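Dear colleague,

I am handing over the structure below, together with a short account of what was found in it. Please look through the chain first and then read on.

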Amino acid sequence: VDRFNFFEKKEMSSETFAFNADIQQLMGLIINTFYSNKEIFLREIISNASDALDKIRYKSITEPDELATEPNLNIKIIPDKTNNSLTIWDAGIGMTKTELINNLGTIAKSGTKAFMEAISAGADVSMIGQFGVGFYSAYLVAEKVRVISKSNDDDQQHVWDSAAGGTFTVTPQEELTEEEKMGRGTKIILSLKEDQLEFLEERRLKDLIKKHSEFIGFPIELYCEKTEEKEVTESDEEDEKKDEEKKDEDKKEDEDVKIEEEKEEKKEKKKKKIKEVKHEYEQVNKNKPIWMRKPKDITKEEYASFYKSLTNDWEEHMAVKHFSVEGQLEFKALLFIPKRAPFDLFESKKKKNNIKLYVRRVFIMDDCEELIPEFLGFVKGVVDSDDLPLNISRETLQQNKILKVIKRNIVKKCLEMFAEIAENNEEYKKFYEQFSKNLKLGIHEDSANRQKFAELLRYHTSRSGEDIVSLKEYVARMKEGQKDIYYITGESKASVVNSPFLETLRKKDYEVLYMVDPIDEYAVQQLKEYDGKKLKSCTKEGLELGETEEEKKQREEEKAKFEPLCKLIKDVLGDKVEKVVPSNRIEESPCVLVTGEYGWTANMERIMKAQALRDSSMTSYMVSKKTMEINTKHPIVIELKKKADKDSSDKTVKDLIWLLFETSLLTSGFNLDEPTQFANRIHRMIKLGLSIEDEEQAEEDDMPPLADATTEEVTKMEEVDQACSLGNFNFHNKDKSFQKKK
């Protein structure tokens, strides 16, 4: 008979009891329900065992003799593949006969009804323990349950038996062997269903204990099978010979050394290895809940070891925050920042967060979306609360006010942790490289902490070189009279460094932030200002550059002078641009295209067009309204004005206007709608510049005409165009002399 398989003969004194109606209904539900997550039964039984151990430990404070019956406070788990049974054995307070009858069947608990109501409202079966009826989850995997218990308050140990058929029996155990006698505690023996035998596998049990019960305050020992290799001789006769050799050792002392060596070799050949199976208890929950200790008592190595066991990371953590919150709500938390971002950080199907929620050291869940915002999903750790209500379903838990308080505190502590890292520039550079997108998402999503997240932002600027600077540093070195924080968005640092939008800003020595991460476009829409200074885009309308009265007057004069040209450009380009105005932001380029103050920038338009699942109907009305700004001091614009003044219907003028528009589309960060037509214009200019005559030009023109024109008009335009191309070299020379003058 297996030492853990108790005989099933009924004693004369066994009594049969009927389950309470509510419990009967509950058991019927558990037995008949189709619930995939049956593994929670082990968590519930271990939690109950832990409670029983807590009770005896508490009682022993005033009555130390209570522990004498069983001094070792532990939980043993014994899988028995021979009998398909699983035993959970604790050395807790145990139960008397009356307690077995009352606690496990006849007296209804308030939680029973509450749990049934929660289930009917769509709650999760895994919350059963929080209603105080976790014991019955055993029937998820067992067809029969036996409970053997011994209390210090009862001289006899009793057996509770039930196959969940509406009744249970309680039997006193008499004439026990030494193995069967229990000093104190409770054994729960589960006769597993045929399809639940996976719970006898050592690896499965270890995984479950580590997942749900790793931080139970008592040792959980699993009865494991160990296989050892042992070296033995081939037969017993050889052992006898060995003994004889030992007796005759004195006689053979004078024998030759060589003979002795030969015998040793023979002995070695006769030895063989066999596998020996042993059983022993192995403690599974070796990790202690270090968040229960004071931070000052924990070493850096202990934190690192705990972090690795919690996350399976091969590297140590970058930073840690260990804190407890007291007052109306009490909870303890331990948060870690890893050294590198996971490759699937923003994967939509990925688990939303890495915070494990415990209630009194018992694991509850690790996918509670209300515990930490999604943009802080890279933060790993544990939260352990004693205050979460017990009679609450998983769905209700998500909406619970306590969780909202926990979330608010976690975000606050994360911000403190980031600020602490920021004190070390080198360390923060590594952190920012990995998690800058998350901080910018925080700006976009967390309005309450927007300014705190803004403090953590870092950017390359027109003055910073290879370093990154904070907004605080930018504001500290702003020029006198500068009212706004200037920034430019673009695809890369290389593309924005030489942008025409920065020409006047660079001349006036204003610093400009380079925002080259796609998420910057979203963040800056929410972060309207910092430290009382507005954030102004260099590529949008409404850019004020602190002009003097004289400069304003001069600009008004230029506006009046170039108004006819602006009107002509607008007429030629039609709805491609909303308006054409003289510019105050360019110095060296002939023109740029700026967008409306509240619309998309060219960069945002590029990002939105790149979305795989974008809604094209939305793009049509969100697309940027472009304003063409011309540089009234540029030789090309001045010469164009002269030509337009002579003949505003000149086809060459129209051709040059289109060419200027298309080149400014590219330099301003937009995409060309018709790149082939643009290429044809450029090829034509090249041919004219190289004085190449196109033989087929009369029959088939390279470039489609810009407006309806007769053959005669087109030929005339080509002649003017050729003359214009020669003039282009003059433009180029004038441009050079213009630069020298400047």
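Predicted model: local features only at pLDDT ≥ 70, side-chain atom pairs only at ≥ 80, totals over all residues.

What is the order of the strands in the open sheet of three strands? The order is β21-β23-β22, and the pairing is mixed, where strands pair if DSSP finds at least two bridges between them. Its edge strands, each of which pairs on one side only, are β21 (579-582) and β22 (591-595), and the twist from one strand to the next averages 30 degrees.

Residues are numbered from 1 along each chain as its sequence is written, and side-chain values use heavy atoms, with hydrogens and water left out.

Among the contacts with a separation of 6 or more, 73% come from residues 24 or more positions apart, contact meaning heavy atoms within 4.5 Å.

To return to the sheet, β22 pairs with strand β23 (residues 626-630) in the antiparallel sense over five bridges, and V592 stands opposite E629 in β23. Helix α22 packs on this sheet and touches both β22 and β23, its direction making about 60 degrees with that of β22.

That helix also has a helical partner. The axes of α21 (residues 635-646) and α22 (residues 651-667) come within 10 Å and cross at roughly 150 degrees, the axes being lines fitted to C-alpha atoms, for helices over the stretch in contact, and the angles running from 0 to 180 degrees between N-to-C directions. The crossing angle therefore makes α21 roughly antiparallel to α22, a label used for angles over 145 degrees. Where the two helices meet, I636, L640, K643 and A644 in α21 face V653, L656, I657 and L660 in α22. By class, this contact has seven nonpolar, no polar and one charged residues; Ala, Val, Leu, Ile, Met, Phe, Trp, Tyr, Cys and Pro count as nonpolar, Asp, Glu, Lys and Arg as charged, and the others, Gly among them, as polar.

Elsewhere, strand β10 (residues 319-325) is mostly covered, with five of its seven residues buried. It pairs with strand β11 (residues 331-337) in the antiparallel sense over seven bridges, and the bridge partner of V320 in β11 is F336. The hairpin of β10 and β11 has five residues between the strands, and in it G327 takes a positive phi near 130 degrees.

Two single residues may also be worth a look. N438 lies in helix α11 (residues 425-445) and counts as buried because its relative accessible area is 2%; leaving aside neighbours within four places in sequence, N438 is in contact with L345, F346, F375 and F378. Y522, in helix α16 (residues 518-526), counts as partly exposed because its relative accessibility is 24%. The C-alpha atoms of Y522 and H444 are separated by 6.5 Å, although the two residues are 78 residues apart along the chain.

With kind regards

Key
Helix = DSSP H or I, 4+ residues; strand = E, 2+ residues; numbered from the N terminus. Parallel < 35°, antiparallel > 145°, perpendicular 65-115°, else oblique. Buried < 20%, exposed > 50% of the residue type's maximum accessible area, 1.4 Å probe, protein only.
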